[in-house]
Amino acid sequence: MPTEEIRVRGTVQGVGFRPTVYRLAKACGLYGDVCNDGQGVLIRVCGSEEVITEFVARLQTELPPLARINQLTRTPYEGELKFDNFMISSSVNNTIKTEITPDAATCPQCQQEIFDPFSRFYRYPFTNCTHCGPRLSIIRAIPYDRCNTSMSAFAMCSECAKEYHDVENRRFHAQPVACHICGPAAWLERADGKSVTASMFSMLDDVDAVCSLLQKGEIVAIKGLGGIHLACDATQETVVQKLRQRKKRYHKPFALMARDIEIIEQYCIVNAKEKELLTSSAAPIVLLQASDKKQLASSVALGQNTLGFMLPYTPLHHLILRRMNRPMVLTSGNLADEPQCIDNDEAREKLRTIADYFLFHNREIINRVDDSVVRVVGDKVQTIRRARGYAPASISLPAGFDKVPQILAMGSELKNTFCLLREGKAILSQHLGDLENATAFNAYQKNLNLYLNLFEHQPEVIAIDKHPEYLSSKLGKELADTNQIKIYPIQHHHAHIAACMAENGIPLAAPPILGIALDGLGYGNDGKLWGGEFLLADYRKFKRLATFKPVAMIGGEQAIYQPWRNTYAQLVAANLWDDCEQKYTDLEIVKFLKNQPLQLLNQLIEKRINSPPASSVGRLFDAVAAAIGIYREECSYEGQAAIAMEAIVDVSSLNNDKETLIYPFSFSISDSIYCIDPRPMWEALLNDLQLQIPQSVMAAKFHKGLANTIVQMVKHLSQENLIYQVALTGGVFQNCILLEQVTKKLQTLGIKVLTHSLVPANDGGLSLGQAVIAAAQLIDEC
C-alpha cells in the first residue's frame, strides 16, 4: 500500500493544524502520524493513492481559522510505517523553517465561555484556544510548544491537561491553555502603593473593578497581550486632558477601544470592510470617519476628522468593558517617545506619575507588540503600523526571489522594522518605533537578536539605508564587519518603491516601472536630502527622472516641529519674500514671520548652516499648513500640521473641476532632470489669503493642485519613457485625499497604479524594499 511523506510549510504551528490533520486522516481511514518540527508540519500516511489525494485536498480546504499553507509537497516514504492507526507524535527540533503565528483576538467560542456562569472559564481573563490568544508575545523559541513560551511557568491542572490532550477538543495542544485554577492571574494595585480590594467597589473581581474606576474618572494602566496600556473614559474631557499632561503627549491622537460595533457606530461611520477589519482575528486599530451623531472628549483626537477604534482582543478587555457603554482611551503605556512598558516593575517605576491604578498579571510578555493601525482607502486596506495580529506572518515574494540566500535588512531610523529574507519569503518584524530614542534602540537590538535566533537566520548579506547617521545603518555595518559579510547600502526612496513592487507581486525580471516616492526626507545618491522623487526603477537600479524643487530645512530637524520655518524657506526659495513685505504686509503669516530673526535665518540659508536643501513634499505640506494658519508655530509630532490640513479639506471644492479651484505648479529642468516648482502655487495662495478665502477651500485647492501636478508629470515622463505602471509610496501617500486623487487620475489615463496594503507606505515598509533590492543585486553578482 502506498506510503507518503507530506511536508507542509506556512502558518501551521499553534493554530490547531495537527488536530485537523488527525481528524481528516481518521475520516479518510489513513494510518500514520503527524508532528511539528522546525520546518513546519510533517505528515506520514499509509493508504491508497486515491484516498491520500482526497486527504490532501480536504486539508487545503478545511484549514483551522488561523492556519495558512504556503507550500505542500508529497514524496514517497522509503521507510516502514509501523502504525495501526493515526496519531500525533511529539515535536522534533531541527533547522527552523516554519513561521510564528501572530497574536490573535479572542474567538467567539472563548468570548461565550467567559460570560457563561456555567463554564469553568467564566470571567477568566486569560481564556484561549487554538483559534485565538497569545503567540508572538509569549514565545522564546521554536517549535511553538509550551516549554518555549512564558506559559512554561504554569503547570496545567488536570482539567486543562485533559482538554489539551483531547484531539476532539478545540484546546488540543493549545499551548497557552489555562484556567482559574492553574493559569495566570490578574490583580489591581494603587499607584501610591496602598492596598486595594475589589470589595471597595462592590464589584465581582479586580478586573471588573477597572470599569468602575474608569467611569469614576481614574487613569488605569492595564497589562494586556503585548504591552501595558493607559486607559481612561474617552467621554470625560477632564481626565483625557489629565492623561495628556501626565504622559506629555499633548497632541497626537489617542487610540480608542469600545465594547462592540454598536458603540463605535455612535461616534463613527463604519462600512462593511471596516467592520470586517475590526472583527478580524488581527483586531487592529481602524481609522474611521468621525460622525456628528455623538461626540467624545475634544482632546481625544485634536485636529482630526478620524478616530482610531479597536474592539476588545483579549478576554481581559472584554471583561473590563462588559459594563462600559462608552469608549475608553487605550494608549501605549510609556513615557513620551519611549517604547511601551511590558514588565510590571518597569511600569511601577515609569508610569506611577501617570496612572492612578495598575491592573497587572503574572504572565510574562516576552516580546513587545504594539497595536496595528489600518484604514480603508477606496476599497483597499492601507496598513499604517504593522504589528499585533499581522507580524511576523511572512510575505511571499514575487517570482525570481525563491532561491536567494538569507538576507537581513536593517530598516530606517523612524517607524523602524527589520526584515529577514529567505527562500522566497520576507519576515517583517513588528513595528519597533523611532530609534533615536535610546530605549527604543535597545529594544530594536533585543528584537533583532530574538528573530535571528527564533528563525535560526544566518544572513549572508546585510542591507542598510544609505544615510550614514542612521543608528540602524551603523549597527548593520558593525554586524557586517563582525561577521565578515557583505553590506549593501540602499537608497531610501528606491527601497520605498521596491517594497511597493514586492507586495504587489512585480517579478524580479519585470521591466522598470515609475515609482513616485513622497515623504519627509531620505538620503539621496548625491549626498543631498530627497523627499519628492520620480524614479524609473526595477529591483536592481533606478534613474531619477524628476523631483520637487529643493528648499532649505532651516534648523534641520527643527523644521519638522516648527512648520513656519518651512513657509519662510519656501517663500524665499520662490523669490516672493520681497512681495510679501510690500504687497501682503497685512497677512497674519507675514506679520508672524517678520517677528522672527530673519537676518539670522537668511544667513543660515545662504551659508547652509544646519539648513540643508531638501526636495521634501512632507515639508511642503507643513509650509502650506502653516501659511493658512494650521499649527503654524509648533507641532509635537512629524506631519501633525499636514494631517490637520487634510482633515479640514472642503469636499465641495475638492469635487469641483473648475481651474480656479486648483493651485498651479510649474516644471523646469534642473541638473538634467525635471523639477516641480511650487512658486505659482505660492503666488495663488498669497492672493487667496489676501481675499480671506476659507482655510478649507485653500486646503482643497492645494491637494487638487498637487495631485494634478503629479499626474501631469507622469504624462510628461510617459512621452519619454515606456511607463505602464506607477507605484505610489512614501509617508505622504498616507494622505487619503492625495492618494485617491492621484490614483483616479492615473487610472483614467490607462496607467496601472500600485499602492501599499500589506506593509506601510511610510518607513515601516522600508526594510522589505531594502531586502529585495539587496537580493536582486546579489543575484546579478552571482
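Which residue's side chain meets that of E4 in a salt bridge?

Analyst: The structure is a predicted model, in which local features need pLDDT of at least 70 and side-chain atom pairs count only at pLDDT 80 or more, while totals for chains, interfaces and linings use all residues. Residues are numbered from 1 along each chain as its sequence is written, and side-chain values use heavy atoms, with hydrogens and water left out.

The partner of E4 is R74: their side chains meet in a salt bridge, at 2.8 Å from N to O. A salt bridge is defined as a side-chain nitrogen of Lys or Arg within 4 Å of a carboxyl oxygen of Asp or Glu. E4 belongs to strand β1 (residues 3-11) and R74 to strand β4 (residues 68-76), so the bridge ties together parts that are 70 residues apart in sequence. Strands (E, at least two residues) and helices (H or I, at least four residues) are DSSP runs, numbered from the N terminus.

The two partners can also be described by their accessibility. Buried means under 20% relative accessible area, exposed means over 50%, and partly exposed lies in between (1.4 Å probe, protein chains only). E4 has a relative accessible area of 11% and is therefore buried. R74, at 33%, counts as partly exposed.

The whole structure holds 36 salt bridges, and two further pairs may be set beside the first. The side chains of R388 and D371 meet at 2.9 Å, N to O, in a salt bridge. Both residues lie in loops: R388 between β16 (380-385) and β17 (395-396), and D371 between β14 (357-361) and β15 (373-377), so this pair ties together parts that are 17 residues apart in sequence. R388 is buried, with a relative accessible area of 3%, and D371 is buried at 5%.

In the next pair, R544 and E533 form a salt bridge through their side chains, with 2.7 Å from N to O. R544 is part of strand β25 (residues 542-548) and E533 of strand β24 (residues 529-537), so the parts tied together are 11 residues apart in sequence. R544 is buried at 18% relative accessibility, and E533 is buried at 0%. Salt bridges can also join into a network, as they do among E113, R120, E163, R170 and R171.

D337, D434, E436 and E557 gather on the surface in a patch of negative charge. Such a patch is made of residues with over 30% relative accessible area and no salt bridge, with like charges joined within 9 Å. One of its members, D434, is placed in the loop between β20 (425-428) and α11 (438-454). D434 is partly exposed, at a relative accessible area of 31%.

Among the buried residues of α25 are L766, G769, V772 and L778. Helix α25 covers residues 766-781, and at 1.5 Å a residue it should span 22 Å; its end C-alpha atoms are 23 Å apart, which agrees. The expected span of a helix is 1.5 Å times one less than its number of residues.

Technical notes
Patches are made of residues with over 30% relative accessible area and no salt bridge: like charges are joined within 9 Å, nonpolar side chains (Val, Leu, Ile, Met, Phe, Trp, Tyr) within 5 Å. Accessible areas come from the Shrake-Rupley method with a 1.4 Å probe; for residues, only the protein chains shown count as cover. Lys and Arg count as positive and Asp and Glu as negative; His and the chain ends are not counted. The place of a charge is taken as NZ of Lys, CZ of Arg, CG of Asp or CD of Glu.
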